[in-house]
Structure formats: structure tokens, C-alpha cells
Amino acid sequence: MEFETISVVGLGYIGLPTAAAFAARRKRVIGIDVNQHTVDTINRGAVHIVEPDLDMLVHAAVTQGYLRATTTPEPADAFLIAVPTPFADGFKPDLTFIEAASRAIAPVLKKGDLVVLESTSPVGATEQMAVRLAELRTDLTFPQQAGEGSDIRIAHCPERVLPGHVIRELIENDRVIGGMTPRCGEAARDLYQSFVRGECILTDARTAEMCKLTENSFRDVNIAFANELSMICDRLDINVWELIRLANRHPRVSILQPGPGVGGHCIAVDPWFIVDSAPEQARLIRTARMVNDDKPRHVIERVERAARRFREPVIACLGLAFKANIDDLRESPAVEIVRRLSERFPGQVVAVEPNIRKLPDVLKEAVPLCDMHDALTEADIVVILVDHMQFKQVDPVKLQAKVVIDTRGVLAHG
Ligand code: SAJ
């Protein structure tokens, strides 16, 4: 299959690197986004998100003429949909962005096109998208109606890249490709093989959807185990970091690291899609989500207990990002903890985050963003919320006279 022109719908953390990866293989790529600022930024050869090497790749793709962004869909041979799939009230998947993308591309679809849903989706979402497209284009046939002989081919190919390592993982990771028919899957495999060096493995769309949800739920459940252990160890006065190090000496034990909770836009979201579609069966997955979501409360209680020893302690919170060495604050438990501490101890909390220059709106009025040296000088209580490399380098002497609550084991590993 030859794909001359590829359209990527949604130019965010996944869509933009994917568009740039195709462009780097000299494919003509049209990026579609509803945000005019995003479109203008990309057309200048710049990027609106922080991800190592992405700026270079996008700059090259745009200046060499392989990548162009627009707000209005144009005809192409393949369409990749990489829009957000958050959850709505009651942890129900919100598929309105997929619906909007389907409506946007439907008018420009033509016989022979391939449509791939990349967004992490609940089981059945690809079929649902196909049904919607068929309603919008009654002049074309779709796999659910015409099987292998359909005019339009449809597949699901979930992304699996780790923020901070997106460019490398995009190329090297294996891809699971779920075709609505085997021919749909093969077409999608031909498309991805133009830049993916990992293996492209074929399955059906529902299994591919479930596979992505399973990967992130596996991680969530394993982090919940570590977080639960950390709470048990606090109660029993045992050092959880040492405990995990020792237990992991067993050849078949590999416990993950506890933290202040689980953040980001994937692991804290995707397990709910499984819970929503099989609520009675997904007991462990649901409980893991609850354990992880409850961890910030446990951290706050530890700070409250420590604060009782002082009259008006200064509390320095180190880190706001959802994990180490990135600037991404989305769904970050650290942000939530700092916000709640600032309500509980008004005027006494300071935040340190070396990867950002201004605070997110939820914290703007609540706390100052401080330099690490000043924060450590003033603080009575130091709460380490992210294991950024800068925090690992703090001289332990500076912390000697303080109460330190280390939610990431930064000092334990020092
Ligand atoms: N975390 C812990 N302890 C650990 C590991 C992680 O508390 O031992 C926390 C992190 O601090 C963070 C959260 O979990 O708050 C998630 O971080 P992460 O590094 O585990 O994962 P993400 O959200 O950056 O990316 C995940 C990846 N999925 C898996 O590793 C199974 C990535 O491959 C997916 O592509 C991505 O979700 C996604 O887009 O779905």
C-alpha cells in the first residue's frame, strides 16, 4: 500500500511527534488541529509542547516542506486520529473529541482511504467511530457493512510512548494494530512500517483497544501495591524503600516505587475505561485506582502531624510535575497536595519546581514559586514530591535541622 499524503488529526503530545515522524520519512503530512495558535506555531517550524528533540524534528519537517498544519481537513490517503479521550463525571469515557474529529474528516474521505484511531479508547470505540463515519458518508462503504471489500478501511493503533522519551519510543516500540478486518490491519501496518522499527503486530480492533488499557492498568495496579505498602510501613514504622530494595532481591519479585499518588493523563485515566465497561469484574483495577487516588491524602496527613511540633512552620514543597525531570503538571498529585496544603496552612507553603517559570492557575494565588536554595533556608518542613535530579543533589547537611517528608525515596537512594 502506498500512502502519499497522511493527515494527523490532533497535534498534541502524540499527534505532533507522529506527524513529524512520518514527515521525516518524506511523507507529505497535513496536521489538523482546532487550535489556531497550535497551527500557527507549527507552521513557523516551532512547537507548543516540551518533549526532547521534538522541536528539531518539527522544524526540519516544516522547513523542508513535508509538514504543514491547518484547522480545516483536506483530502489525504490516511487519517490518524490522535485526540484526547478524558473521562467525564462518574469516570465515564468522554468520546466527544473522537466524534468531533470524525465529523471533521467525513466530508473529505474518499474510496480507498484508511482511518486509524490512535487515541486511547474504551473497547468498542473504533467500531463506534466507523458507524458514525458511515452515517455521515452514506455514499461510501465501511468495514462493518462491506467487510474486506469496504471503500474505507478502519483500524485502531494505540500509542504506547513514554513522555520524555517519545521520539525514541515512537520509532523503537512494537505496535499493536487492530484492524476492523484483517485487510484494514494490514493497510495500517503498511502505513506505520514507514517509520516504526519495532514489530507491528496484527489483531482485531477490540483486542487492540483492551491491550492499551491493560498496559496502563497493569502499571496502575503495581504502583498501587507499592503505595499501599508505603502506607502500611508508615504505620508499622518500617522504611519502605529499604523493604522494597530487599524484597526485590527475590528473583521473581519486582515491586515498583511508591510516590505521592499517580499523575499524568494516562495511567490515572485509562483503568476507569475498563471499570466502566465491566464494573462487576474489574474489582482489583477499581481498588488500585482508589488506593492511588487516596495517596495525596495520606501525604497531607503526614505533613499535618509534623506541623503540630511547630507554631507556624514554613513548608517547602519540592516538585510539582507528575514525574521526574519533566515540566508536565497535568493531573499531578504534587499540584493537588500543594493546593490542599496551602488551604490548610495559608501563607506558610512555598513551592519549588525547577522545570517551570510560572505556576499553574490553581496555585497562582496560593503559593509563591521559589528558588530551591531560598526555600530550603526558610523551611521547617520539607516535603519532597518529585524525584527531579536537582533534588537528588541536595546536600543532606542542609536538611539536617528540618523535618523531611520524602514521598519519592529521593534521600533513601542517595
Ligand atoms: N509512578 C510511581 N511509581 C512508579 C512508577 C510511576 O508512583 O514506580 C507514577 C509517576 O510518578 C507518575 C505516574 O506513575 O505520576 C505515571 O508515570 P509513568 O512513568 O508510569 O507513565 P506515563 O503516564 O508517563 O506513561 C504511561 C506509559 N505506560 C506504561 O508504562 C504502561 C506509556 O508507555 C504510555 O504510552 C502512556 O502512559 C500513555 O500515553 O498511555
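This report walks through the fold, the domains and a few residues of a predicted model.

## Overall fold

Let us start with the chain as a whole. The protein chain holds 17 helices and 14 strands. Its C-alpha trace spans about 75 × 50 × 40 Å along the principal axes. How does the radius of gyration compare with that of a compact globule? For 414 residues, a compact globule would have a value near 22 Å, and the 24 Å of the protein chain agrees with that.

Contacts tell us something about how the chain is put together. Among contacts in the protein chain with a separation of 6 or more, 71% join residues 24 or more positions apart.

## Surface and charge

Of the 414 residues of the protein chain, 51% count as buried. The accessible surface amounts to about 19,400 Å², and carbon and sulfur atoms contribute 51% of that area.

On the charge side, the protein chain carries 48 positive and 57 negative side chains. The centres of these two sets lie 2 Å apart.

## Two domains

Where do the domain bounds fall? Domain 1 covers residues 5-198, and domain 2 covers residues 214-406. Their C-alpha centres are 34 Å apart. The contact between them draws on 14 residues from domain 1 and 12 residues from domain 2.

## Strand E2: Val-29 and Gly-31

Strand E2 runs over residues 28-32 and includes Gly-31. Val-29 is found in strand E2 as well. Is Val-29 buried or exposed? Val-29 counts as buried because its relative accessibility is 1%, under the 20% cut-off. Gly-31, at 0% relative accessibility, also falls under that 20% cut-off and therefore counts as buried.

Gly-31 touches Val-8, Leu-11, Leu-67, Arg-68, Ala-69 and Thr-70.

Gly-31 and Asn-43 are 12 residues apart in sequence, with 9.8 Å between their C-alpha atoms. Val-29 and Asp-53 are 24 residues apart along the chain, and their C-alpha atoms are separated by 19 Å.

## Positive phi in two loops

Next come two loop residues with a backbone feature worth a look in the viewer. Phe-91 is not a glycine, yet it has a positive phi of about 55°. Phe-91 sits in the loop between strand E5 (87-88) and strand E6 (92-93). With a relative accessible area of 33%, Phe-91 is partly exposed, because that value lies between the 20% and 50% cut-offs.

Which loop holds Asp-237? The loop in question lies between helix H9 (205-236) and helix H10 (240-247). Phi of Asp-237 is near 60°, again a positive value in a residue other than glycine. Asp-237 has 73% relative accessibility, which is over the 50% cut-off, so this residue counts as exposed.

Terms used:
Residues numbered from 1 in each chain as written. Predicted model: local features only at pLDDT ≥ 70, side-chain atom pairs only at ≥ 80, totals over all residues. Heavy atoms only, no water. Helix = DSSP H or I, 4+ residues; strand = E, 2+ residues; numbered from the N terminus. Rg over C-alpha atoms; globule rule 2.2 N^0.38 Å. Buried < 20%, exposed > 50% of the residue type's maximum accessible area, 1.4 Å probe, protein only. Contact = heavy atoms within 4.5 Å. Areas by Shrake-Rupley, 256 points an atom, 1.4 Å probe, with all protein chains shown as cover. Lys, Arg positive; Asp, Glu negative; His and termini not counted. Charge placed at Lys NZ, Arg CZ, Asp CG, Glu CD. Domains from an automatic or database assignment. Lists of a residue's contacts leave out its neighbours within four places in sequence.
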